[in-house]
Amino acid sequence: MQIIDLCPDNLEAIQQAATLLVEGFKEHWSTAWSDLDSALAEVQESFSTDRISRIAVDEAGVVLGWIGGIKQYDGNVWELHPLVVRAECRGRGIGKALVADLEERVRERGGFTIWLGTDDEDNMTSLSGVNLYPNVFEHIARIKNLRSHPYEFYQKCGFVIVGVIPDANGLGKPDIYMAKSVRGNQ
């Protein structure tokens with residue numbers, strides 16, 4: 001496997017990345033990219049000058065995963081958006097390698113922090129289906145992963161939960177905010 005830039009002229013890789021978005025998010029985040037057209041639009045947006053767009057490919061050029069970064073706060077902070085790995089390739093370190101690669105790209109551009117939002121629309125954590133007010137941080141401190149929510153993957157990559165937007169996706173459906181410093185030794 002190697003990690004390379006996803007380029008606007010690589011039509012086959014663009015198609016594969018878009019297909020990965022639809023397939024990778026349909027079970028728990030079906031409104032994210034419900035069809036190939038919306039996913040292709042997301043891929044096309046990733047080619048903006050304020051973006052990073054990287055893919056993991058195998059020896060035959062098959063896209064195994066895709067990660068994007070969006071420049072914010074004058075480049076001090078970057079949003080990780082999106083990250084998807086081919087279903088049959090999950091658990092092999094591809095997602096972790098893509099995150100590490102994004103961290104390096106952000107450091108090269110002078111960034112300090114990467115953040116992401118990881119929604120819970122499907123009762124996958126103890127933060128879903130409950131009223132998080134008024135003690136939001138108490139709920140965060142006691143978070144439990146009930147059904148393989150990706151926040152634990154991001155924790156293994158060094159991210160920490162920095163907040164929650166209660167009801168972001170509807171009543172009882174929060175967005176979990178996570179961040180990580182990408183500066184050298186802290």
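## About the model

The model is predicted: local features need pLDDT of at least 70, side-chain atom pairs count only at pLDDT 80 or more, and totals for chains, interfaces and linings use all residues. Residues are numbered from 1 along each chain as its sequence is written, and side-chain values use heavy atoms, with hydrogens and water left out.

## The sheet

Seven strands form an open sheet with mixed pairing, in the order S1-S2-S3-S4-S5-S7-S6. Helices (H or I, at least four residues) and strands (E, at least two) are DSSP runs, numbered from the N terminus, and two strands pair if DSSP finds at least two bridges between them. At the edges stand S1 and strand S6 (160-165); each has a single partner strand, so one side of each is left without a neighbour in the sheet. From one strand to the next, the twist averages 25°.

Between S5 and strand S7 (residues 175-181), the pairing is antiparallel and runs over seven bridges. Leu 116 stands opposite Met 178 in S7. Helix H1 (residues 11-25) packs on the sheet and touches S2, S3 and S4, where contact means heavy atoms within 4.5 Å. The direction of H1 makes about 90° with that of S3; axes are lines fitted to C-alpha atoms, for helices over the stretch in contact, and angles run from 0 to 180 degrees between N-to-C directions.

## Salt bridges

Side chains of opposite charge can pair when their charged atoms come close. A search of the whole structure finds 10 salt bridges, each being a side-chain nitrogen of Lys or Arg within 4 Å of a carboxyl oxygen of Asp or Glu. One of them joins Asp 5 and Arg 54, with the closest N and O atoms 3.0 Å apart. This pair links distant parts of the chain: Asp 5 is in strand S1 (residues 2-5) and Arg 54 in strand S2 (residues 51-57), 49 residues apart. Asp 5 is partly exposed, at 44% relative accessible area, while Arg 54 is buried at 10%. Here buried means under 20% relative accessible area, exposed over 50%, and partly exposed in between (1.4 Å probe, protein chains only).

Another salt bridge brings together Arg 51 and Glu 45 (3.6 Å, N to O). Arg 51 is buried, with a relative accessible area of 17%, and Glu 45 is partly exposed at 40%. Glu 88 and Arg 86 also meet in a salt bridge, at 3.9 Å from N to O. Through shared partners, salt bridges join Asp 5, Arg 54, Asp 101, Arg 105 and Glu 108 into one network.

Most residues other than glycine have a negative phi, and most peptide bonds are trans. Against that background, a cis peptide bond joins His 81 and Pro 82, with omega about -10°; Pro 82 is found in strand S4 (residues 77-85). A cis peptide bond also joins Tyr 133 and Pro 134, with omega about -5°. Pro 134 has its place in the loop between strand S5 (113-119) and helix H4 (136-141).

Tyr 73 is not a glycine, yet has a positive phi of about 50°. Tyr 73 lies in the loop between strand S3 (63-72) and S4 and is exposed, with a relative accessible area of 62%. Ser 148 also has a positive phi, near 55°. Ser 148 sits in the loop between H4 and helix H5 (151-156), and counts as exposed at 68% relative accessibility.
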